[in-house]
Amino acid sequence: MLKIGVISPYPGFSDIAEQLAAELELDMVARDEGEGAYSSVINGWVGNNQVDVLVARGSVSETLKKNTRVPVITVKISSFDIAEALHRARLNSMNRNIAFVDCGQQPNRIEFGRIVQLAGIDFRVFFYLSEGHLLNIMRRIVHDKAVVLGTSVNVVKKAQEFGLESFMVHSSRECVFDAIKKARDIFLARKREDRVCRALQAVLNHAYDGIFAAEKEVTLFNPVVERITGLKADDVLGRPIDEVCRESHICRALYGNGKAAAGELLNLGKLTLVLNRIPLTFSKDGAAVITTFQAADKIRHMEAKIRREMYDKGLTAKFRFADIVGSSAAIAGSVEEAKKYSRSEAAVLITGESGTGKELFAHSIHNESNRREEPFVAVNCAALPESLLESELFGYEEGAFTGARKGGKQGLFGLAHGGTIFLDEVGELSLNLQARLLRVLQEKEVMPVGGQKVLPVNVRVISATNQNLLKAVREGRFRKDLYFRLDVLNLQIPPLRDRLEDVPELFMYFLNKLGGKGIGESLKINDNIFRTLKKYRWPGNVRELESFVERYLALGEENTHTHSVFNRLMDKLDTGEMMEGKQPGYYQMTIELSNMSEMEKQILLQASKIIRGTKGDIAKVLGISRSTLWKKLKDIGLEVSEGEDELTGGKNMHHC
């Protein structure tokens, strides 16, 4: 509770002060103004922290302000107070010669001429600046035989010592009230400031960053700076910055040239700091410089922790382009195209059959993009019902529906802010959700379910589907405007049957991944197995091949020479998907329209990559003789290896 110390120049003053303090519910103590008042106030009230604010008048107030650390509030002398004292002097004294004496160190805002006009009483005004000056004024007043009006006990007593008649100028209730109220307000303001300062000091003392600031003198020097420099804050604060920089090369490096810096590296032997320097101009005399810094290894640890937390929440992309297995021209082309898309911020639509690795490409595009350090959120649009998917995508407010989590929930778009959201099986979205998704893409803002305000989001959208979305648009199952929003960049993933040359590599990859490195040697995997694998179309694509490897390892190989288990598993596969016995028209390839010679060249090149067999195998599929095939292959730079009669690339062949 606030405690006010009042120095009373006359008995009635303290009575008024006590009444007002009671009205304002304040604690108050009073002391009479007189000899020894200054020392008793300073040594007693102030020295023992007995009062929070002092209230005094005139010269007493001015003296206390210079000699105490607590706030001192001056009770002002009003024109009314002087007029009242003049009237009292006229009533109680026969002497019509009146002199008003006041301390000249306090501001004078009183219109004395106006008082003379209104009161009808003439008087002279004297201001003293020192004790000697006051004595000279008293001698002059004695000579003039005037009555003295004083604002302090000292003036009244000096007048009495000179044998002069004197009267004390009293303060009105309004002036005393204003002073006490101001004392209360200042105390509360300082209390608030003190809380803020303590909180700020606690932040500075417990901050992980080093904080060093100076404006001609050092003003901030927190414990982190103490540890780095080996200096104590008490020995540095308040000292000229130039002096401190001369004594400490680390302080000199932190202060620098006083110019702005962001992410600057400062090497201190084994320790490297990352610092930011901010110059601030507070006055014309100069600018302050605030330097904050952290140890570089701490930043690395923090980044690693964030990545771990994001990984634990499933908000990171787990795959990169290096994880995509295959060296065929088909898959290499898709990878190269996807890498180019990574440099863009536009939406990507990945199309392809189930099991071709669309999500693998989505992860890789994110990890190659500028958003690689930001969240990656994947959601399967076909895995959740519409009502649940809406709240998962866009979030919801508390009480939005029965069972809603207290406090609401942030949606997946909100979690992906700054990063990438991957919408797998986007073709399964209902028309209602398609409309909401379109608005998010257009306006870049999300409104949670049951919410009243929108939230801005900055996300890149990668979507994937195994459906023909154009057909869905024509049938009215998919919004045309949304389709063109999603299909800015289109990436087609080839099915495994179009890159059968990758099957052996994929087979060995899954074999080593699931069975351990070196498992292929123990099972004596050979080219015959690879040829058998390439005779199957793998309608389930890479996912089917991985499941096949899992079954193979689970059953175990009984005979590594005949590979009986492997062959039995292959026999159980859908014989309708086997290449043997198929008509030539079975093979699928894409040919760019051109002249006959160029299109024939495309057919031969793609046939050699798809079949990857002997010259006879290719000739049989194309329906031409081996000699005709040999001549045509030679013309385009494809040669025939000796022995196995297999095709190898010449100077114009594209290596995979």
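This is a predicted model: local features need pLDDT of at least 70, side-chain atom pairs count only at pLDDT 80 or more; totals for chains, interfaces and linings use all residues.
**Overall make-up**

The protein chain has 656 residues, and 44% of them are buried. It contains 28 helices and 22 strands. Among contacts with a separation of 6 or more, 61% join residues 24 or more positions apart. The accessible surface is about 35,400 Å². Carbon and sulfur atoms supply 50% of that surface.

**A four-stranded sheet**

Four strands form an open sheet in the order E6-E5-E7-E8. The pairing is parallel. Strand E6 (124-128) and strand E8 (166-168) are the edge strands. Each has a single partner strand, so one side of each lacks a neighbour in the sheet. From one strand to the next, the twist averages 25°.

Strand E7 (residues 147-150) is joined to E8 by 3 bridges. Leucine 149 has phenylalanine 167 in E8 as its bridge partner. Two helices pack on this sheet. Helix H4 (residues 79-92) touches strand E5 (98-103), E7 and E8, and its direction makes about 145° with that of E8. Helix H6 (residues 131-144) touches E5, E6 and E7, and its direction makes about 155° with that of E6.

**Salt bridges**

The structure holds 21 salt bridges.

Aspartate 194 and arginine 198 both sit in helix H8 (residues 173-206). They are 4 residues apart, about one turn of the helix. Aspartate 194 counts as partly exposed because its relative accessibility is 37%. Glutamate 247 has 57% relative accessibility, so it counts as exposed. Arginine 499 and aspartate 502 are both buried. Elsewhere, Lys181, Arg184 and Asp185 are linked in a network of salt bridges.

**Threonine 356**

Threonine 356 lies in a loop between strand E14 (348-351) and helix H15 (358-368). Its relative accessible area is 4%, so threonine 356 counts as buried, the limit being under 20%. A polar atom of its side chain lies 2.8 Å from the backbone oxygen of glutamate 353. Leaving aside residues up to four places away in sequence, threonine 356 touches Ile493, Pro494, Pro495, Asn541 and Val542.

Conventions: Residues are numbered from 1 along each chain as its sequence is written. Side-chain values use heavy atoms; hydrogens and water are left out. Buried means under 20% relative accessible area, exposed over 50%, partly exposed in between (1.4 Å probe, protein chains only). A polar contact is a pair of N or O atoms within 3.5 Å; within protein, one must be able to donate a hydrogen and the other to accept it, and residues adjacent in sequence count only if both atoms are side-chain atoms. Contact means heavy atoms within 4.5 Å. Accessible areas come from the Shrake-Rupley method with a 1.4 Å probe; for residues, only the protein chains shown count as cover. Two strands pair if DSSP finds at least two bridges between them. Axes are lines fitted to C-alpha atoms, for helices over the stretch in contact, and angles run from 0 to 180 degrees between N-to-C directions. A salt bridge is a side-chain nitrogen of Lys or Arg within 4 Å of a carboxyl oxygen of Asp or Glu.
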